[in-house]
Amino acid sequence: MEAKLIEKAMYDYFKLVGKTAIVTGAGNGIGQGIAKVLAGLGVNVVACDIEEDSVKGTADGITQAGGACIGMYCDVRKYEDIQKVIQTAIDKFGTVDILVNDAAGCGGGVTVDTINEEEWMRLIELNLNSVYRFTISVLPLMRAKKSGKIINISSGAGITGDFSDPHYAAAKGGVIAFTKEIAHEVAKDRINVNSVAPGLVDTRMARIRPWEDEIADTLWHRVGQPEDIAYAVAYLASSASDYLTGQVISPNGGAWMQ
């Protein structure tokens with residue numbers, strides 16, 4: 001087949017051209033990778049992050065490459081910021097078709113014996129409650145048009161546990177459980193809700209600890225890149241995954257299997 005015909009078949013298969021996505025935590029790392037990959041597939045992206053300069057850099061890079069992207073400040077713990085992002089997506093692109101809840105933070109290597117309640121609640125608020133807030137804020141729009149894709153970024157820590165930071169593992173496990181519950185509730189509205197639980201990925205957040213042992217336990221013997229996760233998200237955001245909901249995909253290089 002000619003290259004142009006193959007390219008057209010790919011776009012027809014995914015049906016992402018002209019869709020609009022909100023990607024949280026898009027200033028760097030996995031969120032930035034997701035924003036770039038979706039924009040490259042023809043998606044209008046509203047990228048948001050609490051680090052305003054970083055997310056505007058993400059948007060500038062995408063627009064310079066020929067994509068459509070707006071970079072916005074957003075504290076995903078605050079409803080007023082969430083509503084501003086959603087309204088901007090509607091004003092600029094007409095609707096919201098895809099929501100990617102990626103914004104997250106990690107702990108400081110604490111254990112259940114040393115963590116205090118304030119630190120516990122910090123990550124529950126940032127990593128779990130924010131997913132709830134953004135999801136319920138965008139659902140009325142998706143329900144009204146009987147379509148939508150919600151992809152929640154969890155973590156391998158939410159499946160297997162971790163060697164520290166029990167509040168991170170608890171929040172990410174909660175993201176998976178929330179994903180499955182909401183998938184039940186909104187299936188009648190033809191909204192797909194799935195989760196991606198990455199293994200070790202080369203991000204600023206992951207660089208706070210050594211990787212040697214984790215890489216040795218990975219069948220691919222390399223650290224994941226943000227694009228490895230973004231490609232899984234692109235599939236879940238596309239029409240190719242219309243029969244998939246309430247599921248967890250784990251791009252982890254074979255570090256664990258489920």
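In which helix does H167 lie? H167 lies in helix α7, where helices are DSSP runs of H or I with at least four residues, strands are DSSP runs of E with at least two, and both are numbered from the N terminus. The model is predicted, so that local features need pLDDT of at least 70 and side-chain atom pairs count only at pLDDT 80 or more, while totals for chains, interfaces and linings use all residues. Residues are numbered from 1 along each chain as its sequence is written, and side-chain values use heavy atoms, with hydrogens and water left out.

**Buried positions and their contacts**

H167 is buried, with a relative accessible area of 0%; here buried means under 20% relative accessible area, exposed means over 50%, and partly exposed lies in between, for a 1.4 Å probe and protein chains only. When neighbours within four places in sequence are left aside, H167 is in contact (heavy atoms within 4.5 Å) with G107, V110, I115, E119, W120, L123 and I124.

N194 belongs to strand β6, which covers residues 191-196, and this residue is buried, with a relative accessible area of 1%. A polar atom of the N194 side chain lies 3.2 Å from the backbone nitrogen of G246; a polar contact is a pair of N or O atoms within 3.5 Å, of which, within protein, one must be able to donate a hydrogen and the other to accept it, and residues adjacent in sequence count only if both atoms are side-chain atoms. Beyond its neighbours within four places in sequence, N194 is in contact with residues including I150, I151, N152, T179 and L236, and also with L244, T245, G246 and Q247.

V37 is placed in helix α2, residues 29-40, and is buried, with a relative accessible area of 14%. With neighbours within four places in sequence left aside, the contacts of V37 are A230, Y231 and A234. The C-alpha atoms of V37 and I229 are separated by 9.9 Å, although these residues are 192 residues apart along the chain.

**The aromatic pair and the nonpolar patch**

The structure holds 1 aromatic pair. Y132 and F178 form this pair, which is edge-to-face, with 6.4 Å centre to centre and 75° between the planes; rings of Phe, Tyr and Trp (its six-membered ring) pair if their centres lie within 6.5 Å, and planes under 30 degrees apart count as stacked, over 60 as edge-to-face and the rest as tilted. The pair links distant parts of the chain, since Y132 is in helix α5 (residues 117-145) and F178 is in helix α7 (residues 166-186), 46 residues apart. F178 is buried at a relative accessible area of 16%, whereas Y132 counts as partly exposed at 40% relative accessibility.

Y132 also contributes, with Y79 and I136, to a nonpolar surface patch of about 260 Å². Patches are made of residues with over 30% relative accessible area and no salt bridge, with like charges joined within 9 Å and nonpolar side chains (Val, Leu, Ile, Met, Phe, Trp, Tyr) within 5 Å, and accessible areas come from the Shrake-Rupley method with a 1.4 Å probe, for which only the protein chains shown count as cover for residues. Y79 is in helix α4, residues 79-93, and is partly exposed, with a relative accessible area of 36%.

**Salt bridges**

Side chains of opposite charge can pair when their charged atoms come close. A search of the whole structure finds 9 salt bridges, each being a side-chain nitrogen of Lys or Arg within 4 Å of a carboxyl oxygen of Asp or Glu. Some of them are listed below.

| E52 | K56 | 3.3 Å |

E52 and K56 both lie in helix α3 (residues 52-64), 4 residues apart, about one turn of the helix. E52 is partly exposed at a relative accessible area of 35%, and K56 counts as partly exposed at 39% relative accessibility. E119 and R122 are separated by about one helical turn because they are 3 residues apart in helix α5. E119 is buried, with a relative accessible area of 18%, while R122 counts as partly exposed at 35% relative accessibility; E119 is also among the contacts of H167. For the remaining pair in the table, D228 counts as partly exposed at 26% relative accessibility and R222 counts as partly exposed at 38%.
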